[in-house]
Amino acid sequence: MQNRVLHLLFICLFGLCLALPRAASCMDGEKTNERLDSLELKDGRLVLRQTGKPLPDGVATLKPVEHADMRFAVVEAFAVERDKLPIRPGLYLVRSDGAVTYFNSPLEDEGPEAWESVVAVSLSPDKDILALGYFPTLQGVWYFFHWPDVRPLDHPTTVGYWETSRKSPPLLWSGKRRVVVDSMDVEGCKRPCDYDPCGRISVVAYDLDTGKTSPIFQGTDLCDYRVQSVKNGSVTATKLCLPKVAAWKSYPENAPTETVAAPLP
């Protein structure tokens, strides 16, 4: 009987010994999360706040936020894993005083890799709306948030199009609550394109209060339009037309264009 009790006691102690490393591992995981660092700007570079160590070259390139004395940087998930960085992948906003804010938004539902496709950030003229240009391809989405509390607007998104010859996808503010963007429509397009995406490019206005999209220059199977400027209630765009639909089989690299203007709807 005594031997059986000792045997059972040994089994219990052995099980406890096996469990302790696992418990320690879980605790270490929690401590690792607690050790997540943040970033700050020092001498023009992003550095880890706790150690002052700069991020490796190429991990986060600072880009300007349009219409704001801020910059933004995207830290990609693969770089965090590759360089074992104690920070979260995602979007970081760098304010004029050097403070760095990690952007936490519904975009995270797409997974950490989605942040790599944020190519433009813009602040409204009244400094109360922040726009993020998410373009995993030439067709993308503009996300709109209240600023500075980064709550999504009631009508938080509109589609956009990014011509690769441009530095970033165009977003022009018209008044306080309206933007003008390029947009591509592929449905029903009759162009026999050998390239993708293939569709009619239009210039549209998007109302942030109502979520309504209004065409300013409507693309056709023959013609594309790309926004250039918004000024004094008028929109200027570049118009590119080909003589017949079949001519759109190859992308028109050097086709002649003209400038057109129209009032805002």
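Okay, let's start with a question: leaving aside its neighbours within four places in sequence, which residues is Thr 158 in contact with? Keep in mind as we go that this is a predicted model. The answer is Gly 140, Val 141, Trp 142, Phe 144, Tyr 206 and Thr 213. Thr 158 itself sits in strand S10. Is Thr 158 buried or exposed? With a relative accessible area of 7%, Thr 158 is buried, because the cut-off for buried is under 20%.

So that's our way in, and from there I'd like to walk out into the sheets.

Let's take the sheet that has S10 in it. It's an open sheet of 4 strands, and the order across it goes S7-S8-S9-S10, with antiparallel pairing. Which strands are at the edges? Those are S7, covering 118-123, and S10, covering 152-161, and each of them pairs on one side only. On average, neighbouring strands here are turned by 20° against each other, if you ignore direction. As a quick reminder, strands of a sheet pair through backbone hydrogen bonds, and that can be parallel or antiparallel.

Inside that sheet, have a look at S8 and S9. S8 is residues 129-134 and S9 is residues 139-146, and the two run antiparallel with 6 bridges joining them. If you want a landmark to click on, find Ile 129, which stands opposite His 146 in S9.

Go to the loop between S9 and S10, and you'll find Pro 148. Then go to the loop between S7 and S8, where Lys 127 sits. Lys 127 isn't a glycine, and yet its phi is positive, about 60°.

Okay, next sheet. This one is also open, with 4 strands in the order S11-S12-S13-S14, and the pairing is antiparallel. The edges are S11, at 171-173, and S14, at 213-217, and each pairs on one side only. Neighbouring strands in this sheet are turned by 35° against each other on average, again with direction ignored. S11 and S12, which is residues 178-185, run antiparallel and are joined by 3 bridges. The landmark for this pair is Leu 172, which stands opposite Val 180 in S12.

Where's the cis bond in this part of the chain? Asp 196 and Pro 197 are joined by a cis peptide bond, with omega about 0°. Pro 197 is in the loop between S12 and S13, the strand at 200-207.

Asp 43 is in the loop between S1, which is 39-42, and S2, which is 45-48. Is Asp 43 buried or exposed? Its relative accessibility is 76%, which puts Asp 43 in the exposed group.

Last stop, pockets. Rolling a probe the size of a water molecule over the atoms shows where empty space is left. How big is the largest pocket in volume? About 220 Å³. Its lining is Lys 63, Pro 64, Glu 66, Phe 72, Val 119, Ala 120, Val 121, Trp 162, Lys 167 and Ser 168. Two elements give two or more residues to that lining, namely S3, at 63-64, and S7. S7 gives the most, with 3 residues. By type, the lining of the largest pocket splits into 6 nonpolar, 1 polar and 3 charged.

The second largest pocket has a volume of about 190 Å³. It's lined by 14 residues, and those nearest its centre are Val 59, Ala 60, Thr 61, Val 74 and Glu 76. Here the elements giving two or more residues are S4, at 71-75, helix H2, at 77-82, and S7. Which element has the largest share of this lining? That's H2, with 3 residues. The lining of the second largest pocket divides into 8 nonpolar, 2 polar and 4 charged.

Methods. Residues are numbered from 1 along each chain as its sequence is written. This is a predicted model: local features need pLDDT of at least 70, side-chain atom pairs count only at pLDDT 80 or more; totals for chains, interfaces and linings use all residues. Side-chain values use heavy atoms; hydrogens and water are left out. Two strands pair if DSSP finds at least two bridges between them. Axes are lines fitted to C-alpha atoms, for helices over the stretch in contact, and angles run from 0 to 180 degrees between N-to-C directions. Buried means under 20% relative accessible area, exposed over 50%, partly exposed in between (1.4 Å probe, protein chains only). On a 1 Å grid over the protein atoms alone, a cavity is a set of points where a 1.4 Å probe fits but cannot get out, and a pocket is an open set with protein on both sides within 12 Å along at least five of seven lines; lining residues have an atom within 4 Å of a point. Grid points are joined across faces, edges and corners, and a volume is the space filled by probe spheres set on the points. Ala, Val, Leu, Ile, Met, Phe, Trp, Tyr, Cys and Pro count as nonpolar, Asp, Glu, Lys and Arg as charged, and the others, Gly among them, as polar. Contact means heavy atoms within 4.5 Å.
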